[in-house]
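Visitor: Could you walk me through this model, one feature at a time? I would like to learn how to read each one.

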Amino acid sequence: MARKFTLKKFLRYALIACGAVFLVFAGWVIYLDRVVTKQFEGRRWSLPAQVYAQPLELYAGQQLPADALEQELRRLGYQKSDTPTRPGSYRRRGLRIDFVAREFRFVDELRPAQAVSVLTGGAGIERMWDGKGSELPVFRLDPMVIGSIFPIHGEDRLIVAPDEVPAVLPAALKVVEDRKFDTHWGVNPWAIARAMWVNLRAGQIEQGGSTLTQQLVKSYFLDNRRTFGRKIEEAIMAVLLEVHFEKADLMNAYINEIHLGQEGNRAIHGFGLASQFYFGKPLDELELQEIATLVTIARGPSYYDPRRRADRVKARRNFVLDLLAQFDVISDADARSAKNKPLNIRSQSSFGSNYYPAFMDLVRRTLRRDYREEDLTESGLKIFSTLDPRVQSQAEQAITTELTALDKRTKRRDAQLEGVMVVTTPQNGETIAVVGGRRVSFDGYNRALDAKRSIGSLVKPIIFLAAMESGRYNSSTIVEDGPLEVKLENGTVWKPQNISKEFYGPVPLVRVLAQSLNLASARVGLDVGLPKVAKAFTQLGLEKEPPPYPSVLLGSLDIAPIEVAQMYNSLANGGFRTPLRAVRAVVDDKGAPLKSFQLEITPVADPVAVYQVNRMMQTVMENGSGRFVRSRMPKEMVVAGKTGTSSDYRDTWFAGFSGEHLAVVWVGYDDDKPTGLTGANGALAVWSRFFGSLETRPWSEPVPDGLVELTVDFASGEAAPVGCTPEVVMVAVPQGTQIAPHMACGTGFSDRMVDWLRGIIH
Amino acid sequence: MKPFFPLCLVAVLTYGLTGCVAPKPFEPTPAPQPGDPTATSPTQSATPPEVAAPPEPLPPPKPRTLSPATKALVTQAQSQMAAGNDALAASTLERALRIEPNNPLIWIEMAKLRQEEGNAAQAENLAKKALAMSTGDPRAQANAWRVMADTYRARGRNPEARDADARAEALSNTSTPSPAPIP
């Protein structure tokens, strides 16, 4: 009785237990079902914002030789072809290049794919015409993607629509990963068993047992833990997905979801981004063997890393191609020819988020003012930046080459010099290149934006601007470069010195700037007044007004290179301030404009004063501290600039511009120790290498009304014709300025000079 | 203006001329006929051979014209503006400016666009920028002053507007022959 009761009781409990388990299981399945449908239905991958470089404008008369154009097309992933008919292909015949530009949605238009022919001559582009033979006055190439703003957890992807996927890709995925994909219910027990057998025999992973659906589930819903429970969960979710969704949807999701590579903390997801990441072109332009390579990588992105395991990847790729031929996805002939092609993986350095870290940092900071972090990392924004990839690589080249050379000239062996460059186009205030350190693709300390360092003599043009604006000085004004002492409020005495520790006596302003004489310029600054000098900084675009200390006159003022660029940009722009821009526009994932950063200019300084300062900065390059690099630049290239050296040679600067570009360079040590270099032999070396490689236009501003240009003796500032004294320089001075003639230049000359000046004054 | 003074100085030194009148700001060069972008200004008198050449003679300022590329873009911007799409017009004009940043004609168009948008302050700034670049080109200067006058009028600054108009008028009279419209 007792036994019977026990059995009955046991059965009852067992039934209850089973029921409970079933209920829990059912509840779990229902829960999973909700997870699957909810998340997958509104399937929205977080789409990192994509950042584009500025597009290259092509036009007749542009200084772009055929080689440079071809290089540009290759950089954009255009493929050489004998018959360029597909978008993204080109043909080069001597000086002529024919290409088919890809469709691209610019901010202002959807530009369809278009055939373009370019005929170049020795100087650059001579003619351009479209596929129908009509003349094209101007044409812009599709811009390069320079990176994306992906979230902290690091998933980066580029979504592709089904019509952007080459038909071979899904077919290949099925053949290689899941041959029963079209018919199974999410799991394939037979495949699991077979895979186990095959792998056991081969001793390595030849086949996976998971269906594509299971792989999708694993990647989409689950984390990486591999437990038996996970496997069950994965299988159930796969079945649920199959119940709810079409095969085509699942395939498309797989193509966009799957992990295909890693670059630092950036995870490459989806075939769309992988295509760019490994081949530098869109998915629909991939060739057969390239698709097979991606299918190979999908098997295991670190095991099959084509950049590190090329042989392994190639062997597997060829195996994939054979499989494709075996299952009649492709012909035997196609497989044979594809197997003979190299992997052709583009080097990592030419693509990726780490490629322009300093510039990307600037872009991110610009956008953080207007957008939340999630907007940038999730909503698929497209960001049109101002980066000029050609100029950027020239800037990087200059930094790395020259710093290596400069390191050899310094005594220090325990640390390397660091360097920064910021390049702008002054007229529109676009920041077109930023190098934040000599390890140019290192995404770390961004010196260009964050290293606030003492600017030394870069302060002098700003003092002189204030002096010119006071109306009491001009380029030929004679100033005393002699001992100077200022009693400060705190009782100490400020006693500046020249770098040479010498005194130069009475010297014209033009020479003070050219030879960077500290005493004379400090005297000018004191005379003009510290508040006025301090104001000149903010006038030119410095956000925070410097304190009115005399030491500011020698440049003991810590400013970041980008801020120096902003101030000098206003000088190079003729006294018009334009806020520096790194972003032109932001559009949403459909291409609708959200925000544009438009050109804005404000006149901030008297053009007459600015012109005189700029003219003197030209003399810096011809006769002053910048003259050493003259030989590095084409003779007709007129540039203006200023060296800067902080105390004890800790920082060396150069800021200089042509008619079209401004570059600010800083060179020094991160620990702020002396370099032993001056602006002239440190930063200027980098600057001049860069400008020597740059396609730019000479500085030539029209002389503003009210100024005349005339020649003076460089040493004394006295009026002198060319050839009369050893060094004669051109200065711009206000009309009516009286300049004493130089004694050596003959009485006849001086008399007539005086007459002539009277004529001006009349 | 740049080359006039050194040449003038050279002439003074060589021949002892007394009447070299330097302050005259510039000799306006005839505007080229529309469609003739190659027209050049008249040549200067030659430098006497025995005197060293002045440093870096720069070419004399010429009346500005648009290159075919910027002309196409400015035309496009004008039709975008006419269709009421100012944002597109601005981005097209910025393209033109990137190609020819020193051409005052494009800055004038930009100023007109901002004026059209009702941003008179920015329009004035842009016109000033255009003016700074038009030294030696009375036609461009006159156009810049006209836009400037409009920006003043829009803000009720009538005396300044009248002054700007008068300057534009005076400059138009110096420019020969009849000013061609901005393409």
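Visitor: Which way do the residues of strand E1 of chain A point?

Guide: In a regular strand the side chains alternate between the two faces of the sheet. In this predicted model, Ala49(A) and Val51(A) point one way from strand E1 (residues 49-52) of chain A, while Gln50(A) and Tyr52(A) point the other way. All of them are buried, that is, each has 20 or more other C-beta atoms within 10 Å of its own, with C-beta atoms placed from the backbone (12 or fewer would be exposed, in between partly exposed). Strands here are DSSP runs (E, at least two residues) and helices are too (H or I, at least four), numbered from the N terminus.

Visitor: How should I read the numbering and the confidence limits?

Guide: Residues count from 1 along each chain as its sequence is written, and chains are lettered from A and ligands numbered from 1 in the order written. Local features need pLDDT of at least 70 and side-chain atom pairs count only at pLDDT 80 or more, while totals for chains, interfaces and linings use all residues.

Visitor: Which strands pair with E1(A)?

Guide: Two strands pair if DSSP finds at least two bridges between them. E1(A) runs antiparallel to strand E11 (residues 145-149) of chain A over four bridges, and there Tyr52(A) stands opposite Val145(A).

Visitor: Which residues touch the most others in the largest nonpolar core?

Guide: In soluble globular proteins, nonpolar side chains tend to be buried together. A nonpolar core is a set of buried Ala, Val, Leu, Ile, Met, Phe, Trp, Tyr and Cys residues joined through C-beta atoms within 7 Å. The largest has 196 residues, and Met421(A) and Val665(A) touch the most other members. Helix H21 (residues 607-623) of chain A gives the most to this core, with nine residues. A second, separate core of 51 residues includes Met251(A) and Leu260(A).

Visitor: Why is helix H5 of chain A largely enclosed?

Guide: Seven of the ten residues of H5 (residues 212-221) of chain A are buried, so the rest of the structure largely encloses this helix. Among the buried ones are Leu212(A) and Lys218(A).

Visitor: What is the mean pLDDT of chain B?

Guide: Where pLDDT is low, the predicted coordinates should not be read in detail. pLDDT is the predictor's confidence in each residue, from 0 to 100. The mean for chain B is 73, and 61% of its residues reach 70 or more.
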